[in-house]
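Biologist: Could you walk me through this model, starting with one of its helices?
Modeller: Gladly, let us open it and look together.

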Amino acid sequence: MLQTVTGPINEQEAGTMLVHEHVLVGFVEDGKLTPADYDRQEVVASILPLLLQLKAAGCATFVDCAPEYVGRDPYILKELSEKSGLYLITNTGFYKRPYLPPFVYQASEQELSDMWIQEARDGIGASGVYPGYIKIALNDGTAIDQTQQKILRAAIRTSRETALPIQCHTIGGDIALHANEIMKQAGFDRERFIWVHAQTGKDLTAHKQLAEEGMWISIDSILPGTYETHVELLKQLLAHGVSGEKILISQDTGWYTIGADKGGNMLPYHHLLTDFIPYAIENGLDAQWLKQCLTHNPYQAMRKRS
Ligand SMILES: [Zn+2]
């Protein structure tokens, strides 16, 4: 099953899923972002029309990817889910430097994971909302730094304790391979790990190896103006031997930006379904497979499994 902000759902209910999108995002350093920095009703009023358009385009489940301190707000997500009729999924976990609150640098791996495990067991604060996955991020570059390694290990422990999968912001193949080594050494099943932003890895032999070892490959920047590039990338991934069973597609778009006037420029969520899919079929990708990338694959990647 999948844990949504309004309760658990099965694969049939999950239907067409977008695995990586955003409702509310704020980049404030040192974990200083609080609900006092935005107006919940303004966020709901701004985002609801975009979610209704998405629902009308055939989507049933929307995964919000803002972690705590970067715009995760369970109250907003619950209200938007109830008003739009979409299933929304939120997370537990932390992002990366410099958006982490100072205590994270001192805390042990166990202390971090204890907080996340508690949210998975008892819900997020008093909201009554439970996280459906673990969201973390790794630093850019060629190797994972000590803080983000600690966060990765805390996520591994949380996944083991809660059966939730990990979505991990990972820029470039070197970092993905390093993360894979850490997970392998820990004996952690890579089936439980989604390489978020896998389109940033340039050498597709990494994608092939990692997918073979179980990792999910999330191609999540499919925005208008990039369709040709993305169709080509999907074809290349398949040609390099990446299993079509391991590929996820999404847009990483939206969103209400905290601090921008009226939330700034919010982009619609429906274009992947209404524009990209027909374009991709016309340009040689298989319709059934594309559907699988929006239904069966994301459900398998995101479902709770013990
Ligand atoms: Zn994102």
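**A walk through the model**

Modeller: Keep in mind as we go that this is a predicted model. Just after helix 10, G284 takes a positive phi of about 105 degrees.

Biologist: OK, and how many residues does helix 10 itself have?
Modeller: Helix 10 runs over residues 271-282, which is 12 residues, and from its first C-alpha to its last it reaches 16 Å, close to the 16 Å expected at 1.5 Å a residue.

Biologist: Which residues of helix 10 are buried?
Modeller: The buried ones are H271, L272, F276, I277 and A280. They lie on the same side of helix 10, because they cover an arc of only 145 degrees around the axis. As background, an α-helix has 3.6 residues a turn, so residues three or four places apart point the same way.

Biologist: Let's switch to strands. Are the residues of strand 5 buried or exposed?
Modeller: In strand 5, residues 61-64, T61 and V63 on one side and F62 and D64 on the other are all buried, and both faces of the strand are covered. In a regular strand the side chains alternate between the two faces of the sheet.

Biologist: Which strands pair with strand 5?
Modeller: Strand 3 pairs with strand 5 in the parallel sense over three bridges, and L18 stands opposite F62 of strand 5. Strand 6 (residues 87-89) also runs parallel to strand 5 and is joined to it by three bridges, with I89 in strand 6 as the bridge partner of V63.

Biologist: Now the core: which residues touch the most other members?
Modeller: The largest nonpolar core has 97 residues, and those that touch the most other members are L24, C168, W195, I217 and L248. Helix 2 (residues 40-56) gives the most to this core, with six residues.

Biologist: What is I217 in contact with?
Modeller: Leaving aside neighbours within four places in sequence, the contacts of I217 include W195, A198, L237, I247 and L248.

Biologist: Last one, the whole chain: how many helices and strands?
Modeller: The protein chain has 12 helices and 13 strands. Its radius of gyration is 18 Å, close to the 19 Å that the globule rule gives for 306 residues, so the chain is as compact as a globular protein of that length. Buried residues make up 50% of the 306 residues.

Conventions. Residues numbered from 1 in each chain as written. Predicted model: local features only at pLDDT ≥ 70, side-chain atom pairs only at ≥ 80, totals over all residues. Helix = DSSP H or I, 4+ residues; strand = E, 2+ residues; numbered from the N terminus. Expected span 1.5 Å × (residues − 1). Buried ≥ 20, exposed ≤ 12 C-beta atoms within 10 Å, placed from the backbone. Arc of directions from axis to C-beta. Core = buried A, V, L, I, M, F, W, Y, C linked by C-beta atoms within 7 Å. Contact = placed C-beta atoms within 7 Å. Rg over C-alpha atoms; globule rule 2.2 N^0.38 Å. Pairing = 2+ DSSP bridges.
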